[in-house]
Amino acid sequence: MPEKLSQNQIDALLHKMSEGAEIKQEPVQKLKEYDFRAPRKFTKEQLKALDGLHETLARVLSSYFSSILRIPCEIEAVPSEEQRFYEYSNSLPDNAMIGLMGLKSDANECDENTIMVDLTSALSFQLIERLLGGNGKGVPPDRGFTDIEIAILHHLLKNITQRFDDVWKNSFNIDFTLDQMETNPRLLQLFAPEDIVVIAMLEVKIGGNTNTITICLPADLLEQTVDRLSRKFTKVKKQQDPNQEKMKKQLVLENVCESELEMKAVFDEFTMPLHEILGLQPMDVIPLHKTVNSDISITIDDTVWFTAKLGETKRKKAIKLNNIVEQTEMVTNGQQSADVPRQHGA
């Protein structure tokens, strides 16, 4: 409904109200604001490819934290968001543990740059308490970090940096190093306030507590790497060399042939009432449905594969295979029917 009404529209509304008619207001269409002065640099597909990299990082860090803390740790990657650097820096608390990781590439895949990794104070104090033998369930103190705590977190961030290096090495020839640690985010002046950054978050669940690790990546770095990352996560499987495929199948077959399977020789199967089974004694005779010269079934994994004859060799009981029972699928009019055995001479 427009904000300003003409006199005729006002009279019509008053007339409807006097008659008791219901006035229907047109639904207002929801509009999404877009700042043309600060257009988005990355598409949803590019950010989704970056999320795939952080999901791998989350699994690696989850294993690392579980091993050093001696307690199950779950880490999940939260979808990345594009922001201005001042928006991210203003959201940081006064006390934080931020590691500045330097990046460089000998293969010139990207320029030298820096990313920020923020461990929240609650997560930092929980990690310190667990590493020093506590249960990690205490209330985090509202204070800065001591020199001993900073030394512990420095060692922890160095190992986290190594995990970053391992994960990114799968896609890029980039080396990560921990250049600096900062506990006061207000002193950081890595980027201009209006610079575009991508914020990735890892949700960390340890001992019933949920905290976050925030990764701030500059747009300059992603512009040089994200396209290659998108191709890696969306590439179509190429046609393999037929000779190479044949060699792979042969190798798999050779390994499968080394597997051990249990073979059973089944002479006959029958049923008896339970009270007769309970009454069986040594030397009792049970009549069977087959003669001694009848074929017996050889089963592998409860599937009949062969028929055989009972015999003896070197004073030991033996069986002689005489037929191969092959299970085939009969397909009629596009529908599958029951398996039908076929016999071939052995």
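**A covered helix, its neighbours and the salt bridges**

In helix α4, the buried residues are Ser121, Leu123, Ser124, Phe125, Gln126, Leu127, Ile128 and Arg130. Helices (H or I, at least four residues) and strands (E, at least two) are DSSP runs, numbered from the N terminus. Buried means under 20% relative accessible area, exposed means over 50%, and partly exposed lies in between (1.4 Å probe, protein chains only). The model is predicted: local features need pLDDT of at least 70, side-chain atom pairs count only at pLDDT 80 or more, and totals for chains, interfaces and linings use all residues. Residues are numbered from 1 along each chain as its sequence is written, and side-chain values use heavy atoms, with hydrogens and water left out.

Helix α4 spans residues 121-131 and is mostly covered. Eight of its 11 residues are buried. The cover over these buried residues comes from several elements. It includes the helices α2 (44-69) and α5 (147-169). It also includes the strands β2 (97-104), β3 (113-119), β5 (196-206) and β6 (209-218). Just after α4, Gly133 takes a positive phi of about 100°.

One of the covering elements, α5, has 23 residues. From its first C-alpha to its last, α5 reaches 33 Å, close to the 33 Å expected at 1.5 Å a residue. The expected span is 1.5 Å times one less than the number of residues. Buried positions in α5 include Glu149, Ile152, Leu153, Leu156, Leu157 and Ile160. Thr161, Phe164, Asp165, Val167 and Trp168 are buried in α5 as well. An α-helix has 3.6 residues a turn, so residues three or four places apart point the same way.

The protein chain as a whole holds eight helices and 13 strands. Of its 346 residues, 31% count as buried. Contacts (heavy atoms within 4.5 Å) were also sorted by sequence separation. Among contacts between residues at least 6 apart in sequence, 61% join residues at least 24 apart. The accessible surface comes to about 24400 Å². Carbon and sulfur atoms hold 51% of that surface. Areas come from the Shrake-Rupley method with a 1.4 Å probe; for residues, only the protein chains shown count as cover.

Five salt bridges are present. A salt bridge is a side-chain nitrogen of Lys or Arg within 4 Å of a carboxyl oxygen of Asp or Glu. Side chains of opposite charge can pair when their charged atoms come close. Asp165 is buried at 9% relative accessible area, whereas Lys169 is partly exposed at 36%. Asp165, Lys169 and Asp175 are linked in a network of salt bridges.

Asp94 and Arg186 form another salt bridge (3.4 Å, N to O). Asp94 lies in the loop between α3 (85-91) and β2, and Arg186 in the loop between β4 (175-182) and β5, so the pair ties together parts 92 residues apart in sequence. Asp94 is exposed at 53% relative accessible area. Arg186 is partly exposed at 41%.

Lys309 forms a salt bridge with Asp295, with the closest N and O atoms 2.9 Å apart. This pair links distant parts of the chain, 14 residues apart. Lys309 is in strand β9 (residues 303-313), and Asp295 is in the loop between α8 (274-278) and β8 (296-300). Lys309 is partly exposed, with 34% relative accessibility. Asp295 is partly exposed too, with 29%.

The structure holds zero disulfides. The criterion is a pair of cysteine sulfur atoms within 2.5 Å. Cys73 is buried at 6% relative accessible area, and Cys216 is buried at 0%.

A nonpolar surface patch of about 640 Å² is made by Phe270, Leu274, Ile277, Leu278, Leu280, Ile286 and Leu288. Patches are made of residues with over 30% relative accessible area and no salt bridge; like charges are joined within 9 Å, nonpolar side chains (Val, Leu, Ile, Met, Phe, Trp, Tyr) within 5 Å. Ile277 sits in helix α8 and is partly exposed at 41%.

Most residues other than glycine have a negative phi. Lys314 has a positive phi near 50°. Arg315 has a positive phi near 65°. Lys314 lies in the loop between β9 and β10 (316-328), and Arg315 is found in the loop between β9 and β10. Lys314 is exposed at 80% relative accessibility, and Arg315 is exposed at 82%.
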